[in-house]
Amino acid sequence: MKYNHLTTLLLTITAIISASCSSTQDASENGGQNTELSLNIEDGSMYQSIEHFGASDAWSCQFVGKWPDAKKDAIADLLFSTEDDAAGKPKGIGLSLWRFNIGAGSAEQGAASGIGDEWRRAESFLQPNGTYDWNRQAGQVWFANAAKQRGVQNLLVFPNSPPVSLTNNGKAFTSNAQASNLDDSKFSAYADYLVNVTEGLNNLGLDVDYISPLNEPQWDWADGGQEGTPFFNNEIAQITTLLSQKIEEKGLDTRINIAECAQIDYLYSTGNKPGRADQVKDFFIPGTANYVGNLPHLDNAISGHSYFTTSPYNNMVSKRQQLASTVSQVQGLRYWMSEYCILGDNAGEIEGNGRDLGISPALYLAKVIHSDLTVANATAWHWWIAISGYNYKDGLVYVDKNNTDGNYYESKMLWAMGNYSRFIRPGYKRVKISSSLGDIQAQSFLYSAYKDPSTGKLVTVVINTAPEDKVFVLKQNGTALTNLILYITSAQKNLEPATVTQGKVTIPSRSVVTIIAE
C-alpha cells in the first residue's frame with residue numbers, strides 16, 4: 001500500500017513537471033481523473049496601464065514617403081490602420097505612437113557627412129544660415145500625417161544627433177568616443193532647436209506629444225555608421241532642464257521623455273559606462289547630483305532599449321526583474337521600452353543578420369514583448385525601424401532599397417507585434433492570469449491578459465512556440481468564457497480571425513494568438 005501511494009505521487013509530480021516544461025494540456029492523471037488545463041483571468045488584480053505601442057520612421061520614410069501614393073498608402077495601412085477588411089481581418093497593426101526622427105543635416109552634406117549609407121543620413125529643418133525650412137523631411141512628414149489620419153494618438157520626436165551647425169566637429173557623429181559632440185555652451189541653442197522643431201511641426205498640424213532629446217547616450221557613435229553622439233548623465237540633466245524651461249516659455253503641452261538608454265542594464269547599474277549609466281537613480285532619486293524628476297515638463301517615465309538582453313530566456317527574465325525592482329523604488333515612475341529589433345546572435349537562439357519574413361523571428365519578437373510587459377512592467381513598447389530596406393531582422397515592413405519606387409513586403413514580425421498593438425489599446429490595464437496547473441509559463445507557452453476598464457473587454461495574448469497545438473479553457477474569475485474571437489498569426493496566417501463559441505481554445509503550434517472576450 002505504501003508503494004502504491006508513492007507510485008501515484010511520483011506519477012502526479014512527473015506529469016505536472018511535464019506540463020510545466022512542455023506546456024501542453026496533457027496534464028497529470030490523478031485518481032483516474034484527467035486534469036484539464038485552464039487559464040483563469042483574475043481581472044480584479046490589475047498591474048500597469050498600457051500607454052502605447054510604437055515604431056520609428058528612421059531612416060527609410062524620407063524616401064518611401066515620396067514613393068507612389070498607392071504603395072505608401074498601403075504601407076501606412078499596414079502600420080497604422082485599426083480597420084478590418086470585408087472578411088473581418090485587420091488591415092494593419094494599429095500602432096498608437098509614431099516616432100519621428102529629427103535629422104541633424106547629414107543628408108544635405110552628402111558624402112562629406114562621413115556617413116557612407118545615404119539611407120542612414122537625415123535631413124534637418126534647421127538650415128546652415130539659422131533659418132528653418134519646413135519643406136525638409138517631406139517623406140517623414142507624409143508618414144506622420146498618414147499616422148494621424150489613421151487615428152494614431154501619439155507623436156514623439158527624437159534626434160540621434162544635434163544639428164551639424166551646433167556640433168563640435170560639424171558632423172552628425174562624434175570624433176571623440178569619450179565625449180559628446182556638443183559643447184555645453186551650445187546646450188541652450190540645442191534646447192531652442194528642439195522646441196522650435198516641435199512648434200514648427202505643431203504648425204504643420206502634427207501635434208508633438210513627446211520630445212526625446214537624445215538617443216542611446218551610452219554608445220560611442222564615432223564610426224560614421226549613422227547620426228549619433230554619446231552624452232553623460234550630467235549633460236543630459238542640463239539639457240533636460242533647459243528644454244523644460246523653454247517648453248514652459250513657449251506654452252507648449254509637450255512632455256520630455258528620457259533617456260533612451262542603450263541597454264536596460266544601464267538603467268539600474270553602472271556596468272562599464274561610469275557617468276553614463278545607473279540612470280533611474282541618477283535622474284529620478286531626489287538628492288542625486290543629476291536629479292531632474294521634479295521638472296514640470298518631464299514625463300514621469302524612463303525609457304530604455306531591450307537590445308543585447310533577450311537571450312538566453314532566463315537572462316531576459318532576470319534582467320527585467322532587476323529593472324522592475326529598481327523602477328518600483330521611485331513613486332509613480334513608469335518604464336517605456338522605447339526601441340528594439342533583433343540584433344546580434346542572441347546566445348545562438350536567433351541571428352540578427354538576414355532578412356526573414358517568416359514565423360521564427362516573429363515568435364522571438366513576441367517573447368520579448370511578453371517579457372517586457374509582464375516582467376519589466378513596461379507601459380509602452382516601441383519597435384525600431386518600421387520600414388527597412390536592409391538584409392537584417394530590423395523591419396516590420398520591408399522595401400526595396402530604392403529612393404523613388406519599389407516593392408514592399410509584409411513580415412510575420414509585423415503581424416506578431418499586431419497581436420499586441422492592434423488589440424491592447426492605450427489605457428488598457430494588464431491583469432492577472434494564471435494556469436490551473438500552477439505557473440507553467442515556460443518559453444514554449446506564454447500568456448498575458450489585459451482589460452479595457454471602460455468596457456470590461458478582455459484581451460489575452462498567447463504565444464505557443466512548441467511543435468504541437470495547445471488546448472485549454474479560458475476563464476474569468478473561475479467561469480468559462482464563451483463567444484471568443486481569436487486572431488491567429490502563424491506561418492500560414494496573419495491575424496486571421498476565428499471564433500470559439502464555447503468549450504476549449506486551441507492555439508496552433510508555432511503561433512501567436514490574441515483572444516478577445518467582450
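This is a predicted model: local features need pLDDT of at least 70, side-chain atom pairs count only at pLDDT 80 or more; totals for chains, interfaces and linings use all residues.
A search of the whole structure finds 25 salt bridges. In one of these, the side chains of Arg334 and Glu51 meet with an N to O distance of 2.7 Å. Arg334 belongs to strand β10 (residues 334-339), whereas Glu51 is placed in the loop between β3 (38-49) and β4 (52-56), so the pair ties together parts that are 283 residues apart in sequence. Arg334 is partly exposed, at 22% relative accessibility, while Glu51 is buried, at 17%. Both residues also belong to a network of salt bridges that links Glu51, Arg255, Asp299 and Arg334.

A salt bridge between Lys401 and Asp117 has its closest N and O atoms 3.1 Å apart. Here Lys401 lies in the loop between β13 (397-399) and β14 (408-410), and Asp117 in the loop between α4 (106-109) and α5 (138-149); the pair therefore ties together parts that are 284 residues apart in sequence. Lys401 is partly exposed, with a relative accessible area of 41%. Within helix α3 (residues 69-80), Lys72 and Asp69 are three residues apart, a separation of about one helical turn. Their side chains meet in a salt bridge of 3.6 Å, N to O. Lys72 counts as buried, at 7% relative accessibility.

Most residues other than glycine have a negative phi, and most peptide bonds are trans. The peptide bond joining Ile258 and Ala259 is cis, with omega about 0°. Glu260, also in strand β8, has a positive phi near 45° and is buried, at 0% relative accessibility.

Another cis peptide bond runs from Ser311 to Pro312, with omega near -15°. Pro312 is located in the loop between β9 (298-305) and α10 (313-327). A positive phi of about 60° is found at Asn377, which is not a glycine. This residue lies in the loop between α11 (359-374) and β11 (380-385). At 30% relative accessibility, Asn377 counts as partly exposed.

No disulfides are found in a search of the whole structure. For Cys261, the closest cysteine sulfur is that of Cys341, at 16 Å, which is too far for a bond. Cys341 is likewise in no disulfide, the nearest cysteine sulfur being that of Cys61, 15 Å away. Cys261 is buried, with a relative accessible area of 0%, and Cys341 is buried at 2%.

Helix α12 (residues 412-421) is largely enclosed by the rest of the structure, because 10 of its 10 residues are buried. Among them are Lys412, Trp415, Asn419 and Tyr420. The N-terminal end of α12 is capped by Ser411, a side-chain oxygen of which lies 3.3 Å from the backbone nitrogen of Met413. Met413 is itself one of the buried residues of α12.

Technical notes: Residues are numbered from 1 along each chain as its sequence is written. Side-chain values use heavy atoms; hydrogens and water are left out. Buried means under 20% relative accessible area, exposed over 50%, partly exposed in between (1.4 Å probe, protein chains only). Helices (H or I, at least four residues) and strands (E, at least two) are DSSP runs, numbered from the N terminus. A polar contact is a pair of N or O atoms within 3.5 Å; within protein, one must be able to donate a hydrogen and the other to accept it, and residues adjacent in sequence count only if both atoms are side-chain atoms. A disulfide is a pair of cysteine sulfur atoms within 2.5 Å. A salt bridge is a side-chain nitrogen of Lys or Arg within 4 Å of a carboxyl oxygen of Asp or Glu.
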